[in-house]
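Dear colleague,

I am handing over the structure we spoke of, and my notes on what was found in it follow directly below. Please read them alongside the coordinates.

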Amino acid sequence: MLFETEFLRATLRLATPLLLASLGGTFMYHAAVPNVAKEGMMLIGAMVSFVISLSSGSPLIGLAAAILAACGFGVVYALFVLAWRANVYAVGFTLNLLIAGLIAYVLRTFLGEESTLVSPSLPELPQVSLSLLSVVPFLDKVLNDHSVLIPVSFVLVIVVGMIVYQTPFGYWLRAAGMNPTALEAAGKRSNRVIFVSFMLSASFCGLAGAHLSIGYLNLFSLNMVAGKGFIALAIVFLARGRPLLVLLASLTFGAAEAAAPRVPIEMLPPQFSLMFPYLATLVIVTIVEARRGGRIIV
Amino acid sequence: MQLSVQQCGDEVDKTIDKEQTMLSMTTTYRAVLHQFLRFAGLIGLVLLLAFSILLFQGHSPADILSAVYSSTLASDFRIANTLNRLVLMTLVGLTAAVPFSAGIWNVGGEGQITVGAFAAALVGFGLSGLAVQIHVALAVLTAMLAGALWAAIPAVLRLRFHANEIVTTIMMNYIAIQLTDYLANYPFRALNSPSAETPRVLETAQFAKLISLSNLNTGIFVAIAAFIFVCYLMRKSAVGYEWRTLGKNPLFARYGGVQSAQRQFLAMCVGGALAGLVGSILVLGIQRRFIVGIAGGLGFTGALIALVAVNSVLMVLVIATIFALIQSGVLGMEGRLGVAVELSDILQSIIILLIIVREAIWSWFARLAAHIRRAGGKDLHAV
């Protein structure tokens with residue numbers, strides 16, 4: 001089962017939103033402010049990208065709008081946390097509920113739908129293939145003809161790693177997380193650096209949401225994020241903000257999500273396969289944190 | 001001495017703080033009144049926002065006000081429903097507030113309520129031939145135990161294995177919802193039932209309705225008793241003191257000999273038990289059976305309340321009252337005007353966000369006022 005091409009394709013598809021959201025989260029992790037509002041940012045990205053792609057006819061405009069909308073809430077989040085010194089967990093948690101309420105309200109009041117948006121004329125994100133890969137039939141089947149955000153997210157793993165560990169900005173960012181006073185002494189405004197990390201994180205969450213709605217499902221539903229934002233938060237904690245570990249963890253959770261529905265229904269009722277990703281998160285987080293023994297390693 | 005605007009603002013803040021401290025020392029009631037007016041102003045601001053959104057959507061002000069009034073306080077029946085909501089909301093607020101006060105997060109109220117509700121239903125229809133009081137008590141206790149157990153799992157994972165409790169309690173929510181969904185769909189599904197629900201609980205295991213057709217039932221006496229007990233626990237007992245110390249300064253608490261892991265574990269279990277109690281009231285008093293999705297977001301609202309009422313039982317009560325009125329009002333508007341019920345989620349979150357940063361907002365206002373005063377003064381000099 002492990003090497004079935006369909007299973008591997010599903011793993012990539014399902015890992016991508018987790019990967020994007022947690023890659024964005026690594027910026028904020030390094031600035032020592034975990035992004036707890038990923039759930040809401042993904043939801044707004046999913047909704048906005050669907051509506052805007054449909055009305056403008058271009059999925060790329062939808063993508064841009066998703067990023068903008070998520071950044072809008074990122075600004076609010078940053079305002080509360082940085083300017084008003086509010087607790088990052090408290091504000092993030094409340095923002096999730098606020099966004100969920102807002103989206104449901106807009107959907108029911110202005111779009112006249114109960115909980116789902118579907119449209120046959122929705123323009124999908126383009127699919128991409130690499131002709132180099134089609135030389136090997138197996139790789140061709142697994143890696144080609146994916147929605148564009150999937151390969152992009154894999155490239156972003158490297159980009160994020162470079163930004164965090166190789167550029168001056170990444171250096172400032174990690175300094176802002178470890179010792180903001182030192183950064184201020186060196187002449188950088190730590191709040192500005194952290195603000196940029198909020199924006200980057202929000203943009204990535206917007207992309208992750210867009211992948212859910214216009215990337216492969218081609219519909220929007222109110223409960224489509226269903227805890228993925230919190231799984232992404234767990235991934236960032238697990239990986240301690242290292243992009244390669246983030247990739248590894250995302251693929252693991254993607255595989256967990258892809259594997260569960262493949263078990264025949266007589267052996268496992270659907271509720272258990274829906275439960276599986278959350279159970280896997282619980283178990284993996286516990287095992288990894290227990291082995292780490294509660295030490296915080298930056 | 002030259003001061004930047006920022007520094008001037010800080011100076012003003014300091015003076016205001018000093019004035020407030022003096023005020024509270026001399027005339028406490030004026031300080032309380034001051035706080036109350038600010039708080040009321042904040043709530044009023046949010047309600048005004050809601051009102052203008054609804055006006056913008058084309059509802060007439062008279063319709064809005066009459067719908068809100070008639071669904072919250074117009075008759076015994078409505079008051080009873082609002083009161084019931086208020087009591088449940090207070091309990092779910094405490095569900096998260098007790099662990100918060102001990103410095104551990106519990107955002108798993110939703111799952112704990114669900115599990116508690118299912119346990120109550122199981123005892124309610126599964127056991128027969130018991131006396132009324134015993135059956136009800138048994139069902140309630142089982143529900144509280146189930147809720148406490150469901151909270152104990154993430155507590156152990158946090159305290160023994162260092163797993164982040166925000167992540168684990170949220171995961172436990174999803175697990176609880178799917179697990180009970182399965183149980184209500186397959187092994188314990190009521191015969192010939194069109195939807196996923198358990199059989200009705202027996203007469204002996206029901207809380208009687210206090211006002212016919214309303215949701216208010218004798219379960220609220222249990223709830224009030226639990227509320228008083230938790231008040232005592234948090235404010236007057238040694239355990240409550242240790243919780244507060246842990247929440248405010250864990251190092252100091254440990255230095256003072258508090259068994260931190262034990263106490264935080266206890267706080268989580270108390271929170272979970274309260275959630276289980278809420279679940280049992282939902283089943284035994286209102287729905288009379290377990291239905292899928294019975295918690296309906298109540299657990300998240302509880303966490304929201306607790307965010308701004310960590311160490312104050314009174315604050316939990318105040319916010320629960322406001323939320324109960326908002327929910328009843330919005331529900332009435334949904335029935336009469338077709339307003340989407342999610343409006344209450346929006347208003348509640350905005351209220352909480354504003355309360356979280358109220359100090360910053362007030363000092364910003366104070367700074368603005370000082371700025372305007374200064375600018376005014378300059379103009380006078382110029383003249």
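Between chain A and chain B there are five residue pairs in polar contact, both residues at pLDDT 80 or more, a polar contact being a pair of N or O atoms within 3.5 Å, of which, within protein, one must be able to donate a hydrogen and the other to accept it, while residues adjacent in sequence count only if both atoms are side-chain atoms. This is a predicted model, in which local features need pLDDT of at least 70 and side-chain atom pairs count only at pLDDT 80 or more, whereas totals for chains, interfaces and linings use all residues. Residues are numbered from 1 along each chain as its sequence is written, chains are lettered from A and ligands numbered from 1 in the order in which they are written, and side-chain values use heavy atoms, with hydrogens and water left out.

The count of salt bridges between the two chains is one, and B:Glu342 forms a salt bridge with A:Arg108, with 2.4 Å between the closest N and O atoms (the term requires a side-chain nitrogen of Lys or Arg within 4 Å of a carboxyl oxygen of Asp or Glu).

In contact terms (heavy atoms within 4.5 Å), 43 residues of chain A meet 41 residues of chain B.

Over all chains, the search finds 15 aromatic pairs, meaning rings of Phe, Tyr and Trp (its six-membered ring) with centres within 6.5 Å, where planes under 30 degrees apart count as stacked, over 60 as edge-to-face and the rest as tilted. A:Tyr278 and B:Tyr174 form a stacked pair, 4.4 Å centre to centre with 10° between the planes.

Best regards
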